[in-house]
Amino acid sequence: MGCAFSRPAATVWLYAVAALCDEVDGRVARLMGQCSTFGAVLDMVTDRISTSALLGVLAVLRPEWALVCLALQALDVSSHWFQMFASSLDDRGGGHKDVGFQRNFIVRLYYRYRVFMAATCVSCEVLYLCLFWMHWSSEAGAGTGVGGVAQGGPMAVGDPLPLLFSGAQVLEGPRWCWLLSRAALPGFVVKQYVNVLQLGQAAQVIVDHDRALLKRKGKK
């Protein structure tokens, strides 16, 4: 993110490469039988840091998105932190992605089908990167009369994206960027829904653990 405010193209490419490496290293670890608790924690932490950093950049570039970006950061971090901590209380030791640990049916399906899980995660990153790119396209095309408004303006009719990111419908940008952001939107919505369910599930696991401890203390 060191070049996010001066070199947008480099930022997008570096972020995309980092995301690709993050996906590949997990697959390699599973194929080589080198999965570890440290690796699982590191994977979760680096994912949360990178996503939070990108949302932070968007909040700085577009102050009108700040509250939404902060809310998304809070949900993402709390959901995964609770999930990681709750899984550490599970006797099976399968980790926060273990299907057997999931109590909620939808969260269980989410972690069972890794391709679907990856698609929703990628959708979030793609949406944020598209918004980032459209911001810089708007800055570059300001006052020139070219850009996404002319290319993508009709798509603003019934467009759900501005409901979350105010003013997104008037951002300039190439048509492929508009199409990609709209294609990523359903996956983004599913991911946030799963985050909410995951947070509730993990919180319940921790509460049940506390109740069990109190019950055992009461018997002594």
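**Tour stop one: the cysteines**

Select Cys3: this residue is buried, with a relative accessible area of 16%. You are looking at a predicted model.

Next, select cysteine 121. Its relative accessibility is 29%, so cysteine 121 counts as partly exposed. A disulfide needs the two sulfur atoms within 2.5 Å. By this rule the count of disulfides is 0.

**The whole chain**

Zoom out and colour by secondary structure. How many helices and strands does the chain have? There are 8 helices and 0 strands. From the N terminus on, the order reads α-α-α-α-α-α-α-α.

Now colour by accessibility. Of the 220 residues in the chain, 38% are buried.

Then show contacts. Among those with a separation of 6 or more, 72% join residues 24 or more positions apart.

**The second largest pocket**

Select Ala9, Val12, Trp13, Val126, Leu129, Cys130, Trp133, Trp176, Cys177 and Leu180. These residues line the second largest pocket. The volume of this pocket is about 170 Å³.

Which helices each supply at least two residues of the lining? They are H1 (8-31), H5 (114-141) and H8 (175-219). H5 gives the most, with 4 residues.

Finally, colour the lining by residue class. The lining holds 10 nonpolar residues, no polar and no charged.

Key. Residues numbered from 1 in each chain as written. Predicted model: local features only at pLDDT ≥ 70, side-chain atom pairs only at ≥ 80, totals over all residues. Heavy atoms only, no water. Buried < 20%, exposed > 50% of the residue type's maximum accessible area, 1.4 Å probe, protein only. Contact = heavy atoms within 4.5 Å. 1 Å grid on protein atoms, 1.4 Å probe; cavity = no way out; pocket = protein on both sides within 12 Å on 5 of 7 lines; lining within 4 Å. Points joined across faces, edges and corners; volume = space filled by probe spheres on them. Nonpolar A, V, L, I, M, F, W, Y, C, P; charged D, E, K, R; others polar.
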